[in-house]
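Take a look at the model below. The walk-through covers its charged pairs and a patch on its surface.

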Amino acid sequence: MALLSGFGAVNCPYTYMSYFLRNVTDSDILALERRLLQTMDMIVSKKKRIAMTRRQMYQRGEDQNKQTGFWGMIKSVTSTQTGSENLTLIQQEVDALEELSRQLFLETVDLQATKVTNLCVQ
């Protein structure tokens with residue numbers, strides 16, 4: 001009796017596991033990988049934009065530091081740096097895209113593992 005109970009406890013979940021597995025095709029994996037690559041391209045382009053803006057701000061900062069005297073001090077106090085506000089916004093977008101890329105990567109790995117498991121079960 002114990003032997004049949006053990007066999008049933010092991011065989012039943014293995015038999016019904018196919019109901020809970022989702023069918024994963026190569027096109028699903030390729031579509032997800034394509035989204036991941038697009039996200040990575042967006043991250044690279046935004047980081048490049050951040051670097052270019054910082055470079056321009058640095059170069060403008062050197063030009064502003066060359067101006068001395070009373071009017072140079074007044075200009076440095078009254079001028080607003082819209083680039084730094086823009087940089088923080090772009091950096092927040094980059095952080096969000098990096099988190100999205102992590103999630104897409106994990107989902108891609110999960111889909112590939114599910115596909116392998118489906119092949120082994122069938």
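A helix here is a DSSP run of H or I with at least four residues, numbered from the N terminus. The model is predicted. By that rule, F105 belongs to helix α4, which spans residues 82-121.

Side chains of opposite charge can pair when their charged atoms come close. A salt bridge is counted when a Lys or Arg side-chain nitrogen lies within 4 Å of an Asp or Glu carboxyl oxygen. The count comes to 4 salt bridges.

One of them joins K46 and E93, at 2.7 Å from N to O. This pair links distant parts of the chain: K46 sits in helix α2 (residues 26-66) and E93 in helix α4, 47 residues apart. K46 is buried, at 16% relative accessible area, because buried means under 20%. E93 is partly exposed, at 30%.

E98 and K47 form another salt bridge, with their closest N and O atoms 2.9 Å apart. E98 is in helix α4 and K47 in helix α2, so the pair ties together parts 51 residues apart in sequence. K47 is partly exposed, with 41% relative accessible area.

R102 and E99 pair within helix α4. Their closest N and O atoms are 2.6 Å apart. The two residues are 3 apart in the helix, so about one helical turn separates them. Both are partly exposed: R102 at 45%, E99 at 37%.

Now back to F105. What does F105 form with L106 and V109? The three make a nonpolar surface patch, with about 290 Å² of accessible area together. F105 itself is partly exposed, at 48% relative accessible area.

Technical notes. Residues are numbered from 1 along each chain as its sequence is written. This is a predicted model: local features need pLDDT of at least 70, side-chain atom pairs count only at pLDDT 80 or more; totals for chains, interfaces and linings use all residues. Side-chain values use heavy atoms; hydrogens and water are left out. Patches are made of residues with over 30% relative accessible area and no salt bridge: like charges are joined within 9 Å, nonpolar side chains (Val, Leu, Ile, Met, Phe, Trp, Tyr) within 5 Å. Accessible areas come from the Shrake-Rupley method with a 1.4 Å probe; for residues, only the protein chains shown count as cover. Buried means under 20% relative accessible area, exposed over 50%, partly exposed in between (1.4 Å probe, protein chains only).
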